[in-house]
Amino acid sequence: MMNRLPTLLRRHPIKTFTATTITTGISYAHYLEYFANKNDNNTIIPRNHFDPTAIANYWEQRPISILKRLGNIVYEVGPVVGEYVVQFQLKPYVNSFLDKDDDSDTKKNELERELSQKLRQSLTNLGPCFVKIGQQLSIRPDLISPTVLYELQKLCDSVPPFDNDIAMKVLAQELLVAKGWRDKEGGANSSDSNDILNENEINNTILSVFEGMPQLVASASLGQVYKATLRSPNNNSGEQVACKIQRPDIFETVTLDLFLLMSYGKLVDKFCSIFTNQIPYHETFINGFANGSFMEMNYVNEANNQIYFRNELHKRFHSTKKKVVEKVIVPKVYEEYTTQRILVSEWIDGVPLAQSPPQQIRQLIPIGVELFLCQLLDVGAFHADPHPGNLYVTTSKVDGVTPILCLLDFGLVANVSIEARTSMTKAIVNLLQGDYDTLIARDAKDLGFLPVDMDVTELKPVLKTILKNGLVDAGSNLHDRKRRLMSISDELNEVFFQHPFSVPPFFALVTRGLGLLEGIALTGDPNFDIFQASYPYAKRRAIETFSVKDVAKISGMLRRTSTRI
């Protein structure tokens, strides 16, 4: 064999070199991963805050895991995308070229339904990050067909649950953490240890807090929700609560997906810096989204967010001047039972807003828009994940009759500085007024979309066309809006490729939240117009924000705007 090696090298030098290089690379990658896993304590990803450097350091030492994950993504999504391209892109083109008739509408609809089911199953198999993507698409009728929409909406409340015995074990471990019985093992992270609780210990721990074993009611991308009754110290029936239990072993999957997403942002920035005049922003933009997604796995952080929103929204949507009126509620949090992996809060009876009768949706949509704008322009922190499963309609406890909104799930929250809030208020006023010159020359710079020292003379006509024709004038007609945006695609390309345009980091979550809210509203009111719906609150907030000398001017221009709207 050794004697034949020189002959093999002479006859097939390129093949031999390629095979040797690949073998050496794979061996080295396995060595890196083996060494990294053996010395795992040297590269720990902190769980209580988002650290992109730590995430990158951890996964860069595990190239085999990265390749496996990329292969898994291609394996799950590739066949669906490939079949879609063949059946809905290539086949119609070939048929038209050969003068053949296309498939019947019935056959197309059946094929689309099958592909939609495959897509939903693929996203479910890929885990939380991809389920979130599906949820985001599930209420965008302007982007996908009703058939796909119907399938993806199942991701909002019917993700396959994990084993109930495992959930109860996690719950028991975390209740011990909450009680402080395992602090010596690392506080809120101690549930990751290899402690083994037997069945009796699990049951006794849970029944020391609840009157019975919690019952599963919903399963989501990061965890599943159980209904339970707190044990009352005086033997009376305790309060009903929702107990959210995090899925086991999701930490590595989510951080790996976020690492791949952030790497993609870096790659796009390098491409843009070479081939366009664009200011690199994709990495920062994606990091803002990744930060929010990472903190969703910390239920203590979510509990703190929920407590903050409960207090702030109560001040703004609970009036007691003449009579008690509540429009929006947030469930109470039971902090004494909450850890990084379980969250116990008040149980709310209700239905998702998107599943309410159309008349009720139209009644509550203005409150929903005000709720979002209030968070964005006033509170300074906003719920960035208002999908149908997070925005409920319930009955007011004041009169037991009036339907009100209930906001749930505060894992994904973004903060907005007071400077950004003021700038956005001005920008919304100018957008509603149609003052695009001021919007482009001042507001776009104040918000960080354009450099402060940039001369916008050349850019104004392009942005005016995009804002006026592509967004405002399109109104509530989604197909018209889509058609208009397609017609100005050249102008959009010019902005992104020829000018130093960038997107502020928190806008990754702003656009997601606003887009999802608009999608929910459109499911109940096809004529919903986000710009018109924003006017009443924008007027009030503008008058509250600007100085006294500007109030008359602002009120006047908003009154003029209202006639246009």
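Is cysteine 374 buried or exposed, and at what relative accessibility?

1. Cysteine 374 counts as buried because its relative accessibility is 3%, where buried means under 20% relative accessible area, exposed over 50% and partly exposed in between, with a 1.4 Å probe and protein chains only. The model is predicted, so that local features need pLDDT of at least 70 and side-chain atom pairs count only at pLDDT 80 or more, while totals for chains, interfaces and linings use all residues. Residues are numbered from 1 along each chain as its sequence is written, and side-chain values use heavy atoms, with hydrogens and water left out.

2. Cysteine 129 also counts as buried, at 17% relative accessibility. With a disulfide taken as a pair of cysteine sulfur atoms within 2.5 Å, the count comes to 0 disulfides.

3. Cysteine 129 belongs to the contact of α6 with α10, in which Pro128, Cys129 and Phe130 of α6 meet Val254, Asp257 and Leu258 of α10, contact being heavy atoms within 4.5 Å. By class, this contact has 5 nonpolar, no polar and 1 charged residues, where Ala, Val, Leu, Ile, Met, Phe, Trp, Tyr, Cys and Pro count as nonpolar, Asp, Glu, Lys and Arg as charged, and the others, Gly among them, as polar.

4. Serine 396, placed in the loop between β10 (391-395) and β11 (403-407), counts as buried at 3% relative accessibility. A polar atom of the serine 396 side chain lies 3.1 Å from the backbone nitrogen of valine 398. Leaving aside residues up to four places away in sequence, serine 396 touches Glu326, Val401, Thr402 and Ile404.

Notes. Helices (H or I, at least four residues) and strands (E, at least two) are DSSP runs, numbered from the N terminus. A polar contact is a pair of N or O atoms within 3.5 Å; within protein, one must be able to donate a hydrogen and the other to accept it, and residues adjacent in sequence count only if both atoms are side-chain atoms.
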